[in-house]
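Dear colleague,

Please find below the structure that I promised to hand over, together with its sequence. My notes on what was found in it follow.

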Amino acid sequence: MPETPSLSNRDGWHSLSADAISQRLDSGEHGLSSATAAERLRRQGPNELPQAETISPWDILAEQFQNVLIIILLIAVALSALLGEVLESVVIAVIVLFAILLGFVQEYRAERAMEALRRMAAPAAKVIRDGREQTIPARELVPGDQVLLTAGDRVPADIRLSETANLRVNEAALTGESVPVTKHSAPLEAPDLAIGDRINLAYSGTDIAYGRGRGIVVETGLATEFGRVTGMLAGVQQQRTPLQQNLDKVGRVLAIAAGIVVVLIAGLGVLRGEPVLEMFIFGVALAVAVVPEALPAVVTISLAIGVQRMVKRHALVRRLPTVETLGSTSVICSDKTGTLTRDEMTLRAVWTDGHQTAVTGSGYAPEGELELPPDAPEQRPLVERLLRAATLASDAHLEQEDDGWRLYGDPTEGAFVVAAAKLGLERSTVEEQAPRIDEIPFSSERKRMTTLHREPLGDAPQGDSPELAAYTKGAAETILAGCDRIQSSAGIRELDDATGAQINAAAKALASDALRVLAVAYKPGATKETAEQGMIFLGLAGMIDPPRSEAQEAIAACERAGIRPVMITGDHPDTARAIARELGILRAGRVIVGHELDRMNDAELEAAVEEIEVYARVSPEHKLRVVQAWQKQGRICAMTGDGVNDAPALKRADIGIAMGITGTDVSREAADMTLTDDNFASIVGAVEEGRGIFSNIKKYLMYLLSSNIGEIGLMAAATLAGLPLPLSAVQILYVNLATDGLPALALAVDPPEDDLMERPPRDPKTGIFTPPVILLMLVGGIWSTLVNLGLFVYELNNGAASGLDPEQALKHAMTMTFVSLVLIQFFKAYNFRSDRRSLFQQTFANKWLNLAILWELGLLTLIIYVPMLSNAFGTYALPASDWLLVLAAAFSIVPVLEAAKWVLRHTHPEPQIGNASTRAD
Ligand code: ATP
């Protein structure tokens, strides 16, 4: 086993040559072997910094005891136990402990969900190990690993660069320097250079702004410069959501109001001669039951559970507020390639010198051939020349593995490399003939990529280097603009206007068939500065990128849900148009291209934005303007992006969406959500989950608060009416546990209403407490108060009349009220599954709720009929006839809430989809 490299050289890496370091760290061209890497990982520890915070189960448990009310209550019952009320004290203590346990379980689950998220959002790194290119979690990097870096990557460790191609690194995170630093691989003489001057090192935590590089890991984890400076890693951010903030406020107001009523009830009790300690315990128990202190926590739990569900649907949310915003998303702007289409490019047609040749075969297997036009067999060498040129100007490479052919690199380039291989033009062979010595990399702004090769082709124009040749491929119009000659079968000729028009027409024809069109050109004799001018046009290539089958359905779903899908692509407008039509994005609206957008000012764009369905030939910078224009229209805009320059638009969008597979680290960092399958359908799935979560929080809140209104209303009304208290401290605590506990949790996972995606998006300004929600809560709460109070009074009188002694009569009346209150809550739970629809639609669709209610009913029966429990809870064994009465009384909540919903449906009709989407069909 080779020696684990020492860290003693940490300040000298820049002065050694890359080869010397390779030797020292026992790593060569083929990288480390998996075994060596595993051994080093074991010895050095993972390449990660300590997490900013991890919450242990003990912390969560301790937090549950931080509720002042609960502590006071426990002290008071301990006191009362000392004074002789042992049974009551024990029961209260058990109920409270049970509530604490429930709270703990809920929060523990939420915390685990968040932790799972943090792990999933962990960065990855591209390495060469066992001679193969692989993507591994960045935490598994060890010194000696060979790492590949490309624009948009976050540098995963401290790396001594061994190869650079126009590599520029943004080191702002480490040094504060805002201009990207150009990097080289040569050793540096001076021993004591500042970090910013060691330009042959790429530091962990910085971003590759441009170009490409390769290097060897020299430091990992806390030993990196970044680790030394910060010592902490920012994980998934936890912020309070607007809803949580809102509920914090609502919770405080309600707590104060409830507090006042509780003091009043207990105070009046004391004045009436009730024992002070008993009233104190009662008051605190009532406060524990009705103060909605758990409100914000409950929302966190729902959001966290929702986030977990989204992960299953391939959407990884980085911040909780995103979940809330997702539900009100009204516009989704999506890239085309990879998100709406499969990004599996296959070259189908090549246009050379006025003739079109078809290419057969599918997938990445280099099996297929040319179908030359019968009247122009002489095109073969031209087609070969074009494919050879495009292969030289590509980075992608093809490899045969056990399970078939695999493409490494960009699929657009892959289409060329595969097509060339079909003609026997292997990438390695052509590279040997013409070794690459420099390159001008692809970017979405430039829309082309050019490489320089050592290949003397003669004919160098003056000032150019005769032994070099340049090859380029990219968007047809960009390439054409840099050409003044064209290669024909008869030789090179002038590219005149007529030929230019012919090329444009050919490109348009290919694009209209939904093919992605690229042009290829070359230049004998070139320097890097002049490479892209005065080139010789070789021809066009048309490649197919089939739409994702799920995308079409997802777009139809958007349509039904009042969400506008918009396509934003760097591709040719005709290709974009054809695919947008096929997918259903383009209907009656417009397609505009980047340079038209440049001519519009912001006001013009805002006026037109509702009509534009497709943006073609745009650069990432345009996306920012599109987002802003939609936001000016008051829309909640989701935007996808994968490149470095997409970051500003992703940050600005209400929901920035990055790609998990093809996206860059920089875009993922800027985004609110990452798609783990890069699929448009997953965005729509996440929106659906977002809507579902919001509506479940609404159900939960209506239920919880309406129950509390019912409880406190009953106690306050009885006190004011001079009646005895209708429930004991034990009973009130139990009601609270039974109703806040399982049924409320079950509502948090209620299945979505089936028209959830057939409604327009929620207006984010309306919040959760809409007039219908408030009305239903009040009606439910007040009716519960009236029914229970009525029943209590009736039973008190009835008991006295039927000859029960006063104590028994009170106990009987209290039991009836207790049961009625619990049953009313159960009916409400089913009722509040929707704030609009009748209870009788899919009544029992929530199986968790059914189970919870069955369980609670069982417990209720035990409490009433098992002597030991009925003793503890002070209940009376009700005869069957009482059950009929109590059931009838409780059931009365159903018609009342149904009537309220009926009124609401007629006075507050749901906005129609047509209003939200101004789409003309
Ligand atoms: P999206 O639809 O996600 O915006 P896109 O691939 O159409 O993706 P870009 O990646 O910005 O958009 O590419 C814009 C144009 O640049 C393409 O239409 C193509 O003409 C050209 N292009 C794409 N990839 C390459 C490449 N690897 N080398 C050279 N040119 C490329």
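**An enclosed strand**

Strand β9 (residues 331–335) is largely enclosed by the rest of the structure, because five of its five residues are buried. Please bear in mind throughout that this is a predicted model. Val331, Cys333 and Asp335 point one way from β9, while Ile332 and Ser334 point the other way, and all are buried.

Strand β9 has two partners to be noted. Five bridges connect β9 with strand β22 (residues 564–568), and the two run parallel; within β22, Arg564 is the bridge partner of Val331. Strand β25 (residues 637–641) also runs parallel to β9, to which three bridges join it, and Met639 of β25 stands opposite Cys333.

The domain assignment of the chain gives domain 1 (7–51 + 120–225), domain 2 (68–96 + 239–312 + 686–761 + 771–910), domain 3 (315–341 + 548–678) and domain 4 (347–544). The centres of domain 1 and domain 3, taken over C-alpha atoms, are separated by 34 Å. Nine residues from domain 1 and six residues from domain 3 take part in the contact.

The size of an interface is often given as the accessible area lost when the parts come together. For domain 1 and domain 3 the area buried between them is about 630 Å², with 61% of it on carbon and sulfur atoms. Four residue pairs are in polar contact between domain 1 and domain 3. Strand β7 (residues 207–219) contributes the most to the side of domain 1 that touches domain 3, namely three residues. The count of salt bridges between domain 1 and domain 3 is one. Arg154 and Glu669 form a salt bridge, with their closest N and O atoms 3.4 Å apart.

**A buried histidine**

His812 is found in helix α28 (residues 806–831). With a relative accessible area of 7%, His812 falls under the 20% limit and is therefore buried. The side chain of His812 makes a polar contact of 2.6 Å with that of Asp882 and another of 3.3 Å with that of Glu795. Neighbours within four places in sequence aside, His812 is in contact with Glu795, Leu804, Tyr876, Leu878 and Asp882.

**Salt bridges**

Side chains of opposite charge can pair when their charged atoms come close. The structure holds 49 salt bridges. One of them joins the side chains of Arg313 and Glu688 at 3.5 Å, N to O. This pair links distant parts of the chain, 375 residues apart: Arg313 is in the loop between α10 (295–312) and β8 (315–317), and Glu688 is in helix α24 (residues 680–720). Arg313 is partly exposed at 31% relative accessibility, as is Glu688 at 26%.

Asp750 and Lys699 form a salt bridge whose closest N and O atoms are 2.6 Å apart. Asp750 lies in the loop between α26 (742–748) and α27 (771–801) and Lys699 in helix α24, so the pair ties together parts that are 51 residues apart in sequence. Both Asp750 and Lys699 are buried.

Glu553 forms a salt bridge with Arg560, at 3.4 Å between the closest N and O atoms. Glu553 is partly exposed, at 46% relative accessible area, and Arg560 is partly exposed at 38%. Finally, a network of salt bridges links Glu753, Asp754, Asp755, Arg759, Arg836 and Arg837.

With kind regards

Conventions. Residues are numbered from 1 along each chain as its sequence is written. This is a predicted model: local features need pLDDT of at least 70, side-chain atom pairs count only at pLDDT 80 or more; totals for chains, interfaces and linings use all residues. Side-chain values use heavy atoms; hydrogens and water are left out. Buried means under 20% relative accessible area, exposed over 50%, partly exposed in between (1.4 Å probe, protein chains only). Helices (H or I, at least four residues) and strands (E, at least two) are DSSP runs, numbered from the N terminus. Two strands pair if DSSP finds at least two bridges between them. Domain bounds come from an automatic or database domain assignment. Contact means heavy atoms within 4.5 Å. Buried area is the accessible area (1.4 Å probe) that two parts lose on being put together, summed over both. A salt bridge is a side-chain nitrogen of Lys or Arg within 4 Å of a carboxyl oxygen of Asp or Glu. A polar contact is a pair of N or O atoms within 3.5 Å; within protein, one must be able to donate a hydrogen and the other to accept it, and residues adjacent in sequence count only if both atoms are side-chain atoms.
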